[in-house]
Amino acid sequence: ETLLTIPTDRSGDIWSMPSDGSDRPRRISRGLLDGAYGFSVAPDDRIVFQTLEAGQLDLAIMNADGSGKTLLTEDPDEDRYPSTTADGRVVWVSRGAGGIRLFEMALDDRKRRPLLDDPLTEFARPAVAAEVGVVFEHLSGGIPSLWRLVPGSSRPTQLTDYRSQFPAISHDGTRLAFVYFDEQVGLRIGITGIEGGPPILSIDQPVSTGSGSFVRWTWDDEALLINTVEHDRTNLWRLPLDGGEPIQWTDFDEKRLLWADYSSDGRVLFFSRGQISRDAVLIENFR
């Protein structure tokens with residue numbers, strides 16, 4: 001006669017600021033869940049992002065100033081984590097009745113095509129570079145690992161055989177950053193070559209794999225951007241590769257910072273901010 005449930009409410013909007021910090025951030029998007037599950041800046045600086053505009057998780061595109069917003073997908077499936085390439089394509093994760101699939105679309109013709117022969121069984125999150133293909137996190141049996149789909153192939157190869165997630169490809173396409181589990185010290189950030197294998201560099205920085213966590217490369221590939229340092233989920237932090245202390249890159253005191261990406265020339269940094277709230281609701285005398 002009693003039910004206990006935990007409803008979740010999530011919001012998101014997209015902001016921009018000069019990457020050198022010379023001006024304050026400004027909001028360019030005020031939609032529902034805009035960028036909360038990822039966005040990516042295309043070569044022409046249009047932004048492809050996940051939104052809840054039509055009551056379902058679709059992909060949309062808009063100009064760098066927030067104007068010209070239009071939907072790219074309109075279907076019952078949940079579309080998340082878009083990643084654009086230098087040759088004008090976008091790859092994303094779609095979850096629906098047919099399972100979890102990776103799709104790609106050329107932004108000029110907007111015709112989708114599946115990238116894998118078979119659907120994935122559990123969660124996936126892609127990172128894309130046109131020359132090296134698609135690297136994606138795949139959760140199987142509760143254990144995440146990283147896989148790579150080279151251009152022209154529909155069968156991925158496994159890059160890591162240990163608990164690893166949140167892949168990010170360096171801008172020069174040679175290195176892969178990710179979060180992995182070290183049995184001695186716990187969750188850490190690792191870096192390896194694009195061909196995979198064990199970490200060749202481990203950064204002694206505690207991180208989180210909670211909802212909305214991410215790892216990104218800075219524009220010059222000399223550091224990483226993270227949004228999970230101890231006691232702070234509201235700001236973006238620059239993490240040196242030499243093990244130095246993280247440097248705070250934004251100055252917010254509310255909402256969570258959920259995603260980040262650069263403009264095509266690296267001069268503008270875009271990021272999404274939002275709220276994730278959960279409440280316990282007790283329903284008594286239920287019939």
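The legends below describe close-up views of a predicted model. Local features are given only where pLDDT is at least 70 and side-chain atom pairs only at pLDDT 80 or more, while totals for chains, interfaces and linings use all residues. Residues are numbered from 1 along each chain as its sequence is written, and side-chain values use heavy atoms, with hydrogens and water left out.

**View 1. An open sheet of four strands has the order β5-β6-β7-β8 with antiparallel pairing.** Strands are DSSP runs of E with at least two residues, numbered from the N terminus, and two of them pair if DSSP finds at least two bridges between them. The edges of this sheet are β5 (39-41) and β8 (70-71), each of which pairs on one side only. Three bridges link β5 to β6 (residues 47-51) in the antiparallel sense, and Ser-40 is placed opposite Val-48 of β6.

**View 2. Strand β3 (residues 13-18) is largely enclosed by the rest of the structure, because five of its six residues are buried.** Buried here means under 20% relative accessible area, exposed means over 50%, and partly exposed covers the range in between (1.4 Å probe, protein chains only). With β26 (residues 268-274), β3 pairs in the antiparallel sense over six bridges, and Met-17 has Leu-269 as its bridge partner in β26. Two bridges also join β3 to β4 (residues 26-27), again running antiparallel, with Ser-16 standing opposite Arg-26 in β4.

**View 3. Leu-3, Val-281, Ile-283 and Phe-286 form a nonpolar surface patch.** Patch members have over 30% relative accessible area and no salt bridge, and nonpolar side chains (Val, Leu, Ile, Met, Phe, Trp, Tyr) are joined within 5 Å, like charges within 9 Å. Val-281 belongs to strand β28 (residues 281-283) and, at 31% relative accessibility, counts as partly exposed.

**View 4. Asp-204 and Arg-188 form one of the salt bridges, with their closest N and O atoms 2.9 Å apart.** Asp-204 lies in the loop between β20 (201-203) and β21 (215-217), whereas Arg-188 lies in β19 (residues 186-193), so the pair ties together parts that are 16 residues apart in sequence. A salt bridge is a side-chain nitrogen of Lys or Arg within 4 Å of a carboxyl oxygen of Asp or Glu, and the structure holds 15 of them. Asp-204 is exposed at 62% relative accessible area, while Arg-188 is buried at 11%.

**View 5. Arg-80 and Glu-78 meet through their side chains in a salt bridge of 2.8 Å, N to O.** Arg-80 counts as buried at 15% relative accessibility, and Glu-78 counts as partly exposed at 29%.

**View 6. The structure holds one cavity of 30 Å³ or more.** A cavity is a set of points, on a 1 Å grid over the protein atoms alone, where a 1.4 Å probe fits but cannot get out, and lining residues have an atom within 4 Å of a point. The largest cavity has a volume of about 40 Å³, a volume being the space filled by probe spheres set on grid points that are joined across faces, edges and corners. The lining consists of Arg-10, Ala-36, Tyr-37, Tyr-81, Arg-125, Gly-212, Ser-213, Leu-258 and Trp-259.

Technical notes: Areas by Shrake-Rupley, 256 points an atom, 1.4 Å probe, with all protein chains shown as cover. 1 Å grid on protein atoms, 1.4 Å probe; cavity = no way out; pocket = protein on both sides within 12 Å on 5 of 7 lines; lining within 4 Å.
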